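Student: Could you walk me through this one before I set anything up? I'd like to know what we are looking at.

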Amino acid sequence: MNLALKDIRYSFGRFALTTLGVGMLLMVVMGMGGIYRGVIEDATLLIDRVDADLWIVQRDTRGPFAEVSRVPPSLVHRATAVPGVASAREFVYHTIQRERNGKPLRIAVMGLSWPTDKGDWIALTGGRALRQNHFEMIANESLGLPVGHRIKLGQETYTVVGTTNNMIGSSGDGMAFVTVRDAQAIQFDVPGEAVRLERAARESRARRFDLVAQQPMLLANTQRPGGELPAVARPGLSAVMVSLKPDADADVVADIIGGWGDVSVYTSDGQRELLLKGTVEKIKRQIGLFRVLLTVIAAIIMALILYTMTLDKIHSIALLKLIGAPNTVILSLILQQALLLGAFGFAIAYLVGQKVFPMFPRRVLVTQPDLIQLAAIVLGISILSSVLGIWKALRISPNEALS
Amino acid sequence: MSDAGQTLAIETDRLTKIYGSGNTEVVAMRDVSMQVHRGEVVALLGPSGSGKSTFLTAVGLINPPTSGRVLIGGKLVVEGDVPHTNLRSFRRRHLGFVFQKSNLIPFLSARENVQIAMQLNGDSPKQARARAQELLDYLGVGDRGESLPSMLSGGQQQRVAVARALANHPSVILADEPTAALDSHRGRQVMELFAKVAHEQQAAVIVVTHDHRSLDVFDTRYEMEDGLMRLAQS
């Protein structure tokens with residue numbers, strides 16, 4: 001005869017409500033773990049997906065994710081010439097904020113190195129990859145920009161030609177992929193008035209040179225776009241991504257490129273470590289500690305619930321002792337109820353979480369190892385929290401049955 | 001005593017129970033000696049606070065005496081507050097209890113309340129179930145076996161409690177005011193039930209009672225007052 005199940009059946013409503021409460025609490029613990037995992041996954045997702053072997057960044061910086069990095073566009077060609085390098089791609093990445101339908105729209109813009117990179121590596125959920133080097137965009141679904149949608153960024157209007165999902169920047173913003181040139185145009189967009197002021201300033205500066213006095217036609221250059229001026233460099237890149245040939249030794253190639261005085265070089269693992277130990281370290285620790293706190297609170301609440309459930313059964317337990325029930329029977333009654341409470345609570349947490357977590361603004365990533373870990377924690381909590389109830393039950397005197 | 005030649009079921013020797021110490025010391029039971037044989041039904045009478053329940057809990061191995069000895073079936077079980085055996089296991093095998101309130105486990109059905117006592121004693125669920133139903137039939141509540149205690153009347157609950165007390169063929173049944181919550185008719189029925197059980201199953205039955213209307217069913221009557229016990233006048 002299973003006394004635990006009999007008691008649960010007798011007071012099913014109360015047990016169900018209690019289990020629901022524990023389940024909700026465990027769902028928060030599970031969600032915190034999911035947010036923690038999501039932060040890590042989002043932070044490293046881009047590094048993993050772009051599949052670069054080496055990252056070349058501005059000398060002595062931890063760019064392009066952990067801090068700002070600027071490298072010249074010609075670095076792509078220098079890197080391509082290194083023995084062992086299969087290809088080198090430009091990397092431009094920045095976050096912009098616009099307003100759409102009265103709400104802020106944050107976009108993590110990444111430049112694709114046209115024509116070598118048209119975004120074919122991006123897993124599309126709709127539409128297609130880029131087919132022209134300007135004004136096309138692949139957008140993450142979280143941005144709410146469907147295929148065919150047109151959006152004005154800077155001076156130009158971009159058409160969404162493809163959608164993807166789970167492409168999130170380290171700050172949790174949905175990503176949009178355009179060509180490098182477009183990404184730079186968006187990043188370095190200057191208002192018309194600022195352009196006019198800059199041209200006037202150029203003309204003013206030029207007039208101070210004797211050369212202009214001798215050749216007045218040079219002044220015409222000051223009115224040309226900044227990018228067309230021979231003395232003005234093209235906008236810089238954030239970094240250069242390098243893919244190696246199958247037989248190439250990454251350390252050797254990294255040593256060669258690292259020997260150049262103007263850049264630093266990191267492997268993908270190095271970049272990942274920079275991100276995890278830099279950008280997301282504090283939020284990761286904060287969520288991690290909060291998760292531990294929630295777990296402790298869940299344990300305390302479960303212990304109190306089980307203690308109260310034991311108090312409700314004091315008379316029955318005293319009676320069982322009076323008719324000679326050994327301690328193992330009473331211990332088993334409480335422990336089984338604790339385990340059932342934990343198991344059902346965990347199941348509720350999982351099932352409700354599956355429905356609720358996708359509604360969160362940032363990704364809540366509940367992985368199988370995390371579920372197994374939480375299940376083990378719940379098992380531990382159930383056993384530990386039943387100790388208080390068991391302690392109370394073992395102290396109950398059979399005399400209490402007579403009162 | 002009905003028959004002094006029969007087997008002794010219970011023997012107490014100078015049982016004394018003292019609560020507290022110094023100025024707060026209360027002697028609840030003093031030098032109580034008693035012998036009850038198998039098949040004998042004993043009434044224990046006396047006013048509230050006279051020490052009846054203290055005696056019953058000492059004999060029931062629930063609340064050990066301060067001094068004195070308890071022998072059950074000729075075996076020394078308790079000497080002072082020192083147990084000479086595993087008391088819980090001994091209770092399970094040799095003693096049956098019935099209380100003022102039926103004291104059934106609320107989340108078990110009537111049959112399960114009887115069955116659990118047997119299963120705790122090592123009977124298989126199938127055996128225990130069959131005997132539990134048999135006992136309920138014997139006590140006239142066989143048709144209420146699947147009902148929870150809350151669905152039974154006070155008299156039915158007491159019958160189930162008696163069935164549980166009989167479950168493991170105890171040599172001793174201890175009842176503490178079992179008819180207090182019942183009307184006179186049902187109270188009489190329960191008292192007659194104890195007499196029937198004692199005579200048919202050869203169990204020694206000690207009943208603590210205030211109910212003087214059913215005293216004729218008892219073989220022997222004792223009275224307690226201020227912790228002292230004496231044989232009552234017929």
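Tutor: Let me begin with a convention: two strands pair if DSSP finds at least two bridges between them, and strands (E, at least two residues) and helices (H or I, at least four) are DSSP runs numbered from the N terminus. This is a predicted model, in which local features need pLDDT of at least 70 and side-chain atom pairs count only at pLDDT 80 or more, while totals for chains, interfaces and linings use all residues. Residues are numbered from 1 along each chain as its sequence is written, and chains are lettered from A and ligands numbered from 1 in the order in which they are written.

Student: OK, how many bridges join β4 and β5 of chain B?

Tutor: Strand β4(B), residues 67-72, and strand β5(B), residues 75-79, pair in the antiparallel sense over four bridges, and Leu71(B) stands opposite Leu76(B) in β5(B).

Student: And what sheet do they sit in, which strands being at the edges?

Tutor: The sheet is open, has five strands in the order β2-β1-β4-β5-β6 of chain B, and is antiparallel in its pairing; its edge strands are β2 (26-37) and β6 (82-83) of chain B, each of which pairs on one side only. Helix α1(B), residues 52-59, packs on the sheet and touches β1 (8-19), β2 and β4 of chain B, where a contact requires C-beta atoms, placed from the backbone, within 7 Å.

Student: Switching to chain A, how do α2 and α12 pack?

Tutor: Helix α2(A), residues 12-50, and helix α12(A), residues 368-395, pack at an angle of about 145° with their axes 11 Å apart, the axes being lines fitted to C-alpha atoms over the stretch in contact and the angles running from 0 to 180 degrees between N-to-C directions.

Student: Which residues meet there?

Tutor: From α2(A) they are Leu26(A), Val29(A), Met30(A), Gly33(A) and Arg37(A), which meet Asp370(A), Leu374(A) and Val378(A) in α12(A). The residues of this contact divide into five nonpolar, one polar and two charged, with Ala, Val, Leu, Ile, Met, Phe, Trp, Tyr, Cys and Pro counted as nonpolar, Asp, Glu, Lys and Arg as charged, and the others, Gly among them, as polar.

Student: Last one: how many residues of each chain are in contact with the other?

Tutor: There are 22 residues of chain B in contact with 17 residues of chain A. On the side of chain B that touches chain A, α3(B) gives the largest share, six residues, and that side divides into eleven nonpolar, six polar and five charged residues.

Methods
Contact = placed C-beta atoms within 7 Å.
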